[in-house]
Amino acid sequence: MNTTRAEKTAGRRIHRPRVITGTVLRTGGVSVRLQGRALVVTAALLTALVAVMLVSLTTGDYELSVSEVVRALAGRDSGGADFIVNTLRLPRLLTALAVGAALAVSGALLTSLTGNALGSPDIIGFTNGSAVGALVVIILLHGSMTQIATGALIGGLATAAAVHLLMLGRGLHGFRLIVTGIGVSALLLAVNSYLITRATFQEALEAQAWLIGSLGNRGWIHANAILLACAVLLPPAFLLSRRLSMVEMGDLTATGLGVNVTRTRAALLVISVALAAFATAVTGPIWFIALAAPQLARRLTRTAGPALLPAALLGALLLAGSDLAAQRLFAPALLPVGTATGTIGGLYLIWLLITESRKSRA
């Protein structure tokens, strides 16, 4: 069948009804669709995640056995293993897992809402907006961790509101949104640079180190903050994922199926921005995860919907694995994880742009 010119609009995903296969389990008034490939991929990601966690907790300058780690986690070791595991390694690992999952789900929601593979918080500017809010608190207000998270959230939401106003009347779809977001992101990056010039030498060093994105020196205050954010924001995201799958079919189709498209988009957009903002507040901007994890999860599971659970697991695996590689492969140098993910993300973005360009010409 020939494709019309209107269907090949740059940056716009064509919404056609899709056939969804799988087994449906019904219990009372609740039905759950199980897809074999998605279950296998999810199980494989969980297995890989457990392996990365074990390696992260047992290896390093101070080698530990699995039994020593288990005793320390159970509170039955009061020696050096307890300090190494519960004070140094575990908070950093949990922060990596939660931040990776938050960024991946944020990216999955945003790419589904925009209908474009480039519709990531990294590209559209939400991450830089959160960074502006956090830097204002760090440099100008000298705030605490809670205040930094609040500033990042306000910055991210303000950026989302600005992009929405610039796109008013044009919808969230299409190449225009990506271009608008890139412009806003570039402007915010300039604001970040200006804020650093207004800081003292020590503050500028701290701010620049934070802007690279790092999991170094992350303790329980950081882990608890992002874990709490995930506990609050991820459940509604998963609950609304079915509506999101319908929205992907097109506004008219979703409305015909009983979905309030406007409210669903608004709620999911706020959740996406909040997840990216809290993750940025804890570790600084970490690139690549929000862009790549959702797309890789869809390719692995081959599901019609956004695949939020596989995306979250893959995001956690990518960030924890990248941090583990940065610690072990470049020791004794302290390489920030943002450097590693940014390098890989640049290569992935080039590949994604080439792929999308070929699709638009097809």
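Predicted model: local features only at pLDDT ≥ 70, side-chain atom pairs only at ≥ 80, totals over all residues.
Contact here means heavy atoms within 4.5 Å. With that cut-off, and leaving aside neighbours within four places in sequence, R92 is in contact with L215, G216, R218, D323 and Q327. Residues are numbered from 1 along each chain as its sequence is written, and side-chain values use heavy atoms, with hydrogens and water left out.

First, the overall picture. The chain holds 15 helices and two strands, taken as DSSP runs numbered from the N terminus (H or I of at least four residues for helices, E of at least two for strands). Of its 362 residues, 50% are buried; buried is under 20% relative accessible area, exposed is over 50%, and partly exposed is in between (1.4 Å probe, protein chains only). As for contacts between residues at least 6 apart in sequence, 76% of them join residues at least 24 apart.

Back to R92, which sits in helix 3. With a relative accessible area of 19%, R92 is buried. Helix 3 covers residues 80–114, and its axis comes within 7 Å of the axis of helix 13 (residues 289–301), the two crossing at roughly 70°. Axes are lines fitted to C-alpha atoms, for helices over the stretch in contact, and angles run from 0 to 180 degrees between N-to-C directions. On the helix 3 side the residues involved are G100, L103, A104, G107, A108, T111 and S112, and they meet I289, A290, A293, P294, Q295 and R298 of helix 13. Sorted by class, this contact has seven nonpolar, five polar and one charged residues. Ala, Val, Leu, Ile, Met, Phe, Trp, Tyr, Cys and Pro count as nonpolar, Asp, Glu, Lys and Arg as charged, and the others, Gly among them, as polar.

Helix 5 supplies F126, G129, S130, G133, A134, V137 and I138 to the contact, while helix 6 brings Q147, I148, G151, A152, G155, G156, T159, A160 and V163. The class count here is eight nonpolar, eight polar and no charged residues. Helix 5 also carries T127, which counts as buried at 1% relative accessibility. Beyond residues up to four places away in sequence, T127 touches P121, D122, T280, P285 and W287.

Now the cores. A nonpolar core is a set of buried Ala, Val, Leu, Ile, Met, Phe, Trp, Tyr and Cys residues joined through side-chain atoms within 4.5 Å. The largest one has 93 residues, and those with the most contacts inside it are V105, L109, F126, I226, I271 and L319. Helix 3 gives the most to this core, with 17 residues. F126 touches L110, P121, G156, T159, A160, V163, L269 and V273, again not counting residues up to four places away in sequence. Another core, of five residues, lies apart from the largest one and includes V247, A254, V259 and V261.

Helix 10 is worth a look of its own. Six of its eight residues are buried, so helix 10 is largely enclosed by the rest of the structure; the buried ones are S241, L244, S245, M246, V247 and E248. S245, in helix 10 (residues 241–248), counts as buried at 17% relative accessibility. The C-alpha atoms of S245 and L113 are separated by 9.6 Å, although these residues are 132 apart along the chain. After helix 10 comes G250, with a positive phi near 120°.

Two residues other than glycine also have positive phi. N217 has phi near 60° and is found in the loop between helix 8 (201–212) and helix 9 (220–239). F288, at about 85°, lies in the loop between helix 12 (261–283) and helix 13. N217 is exposed, with a relative accessible area of 79%, whereas F288 is buried, at 6%.
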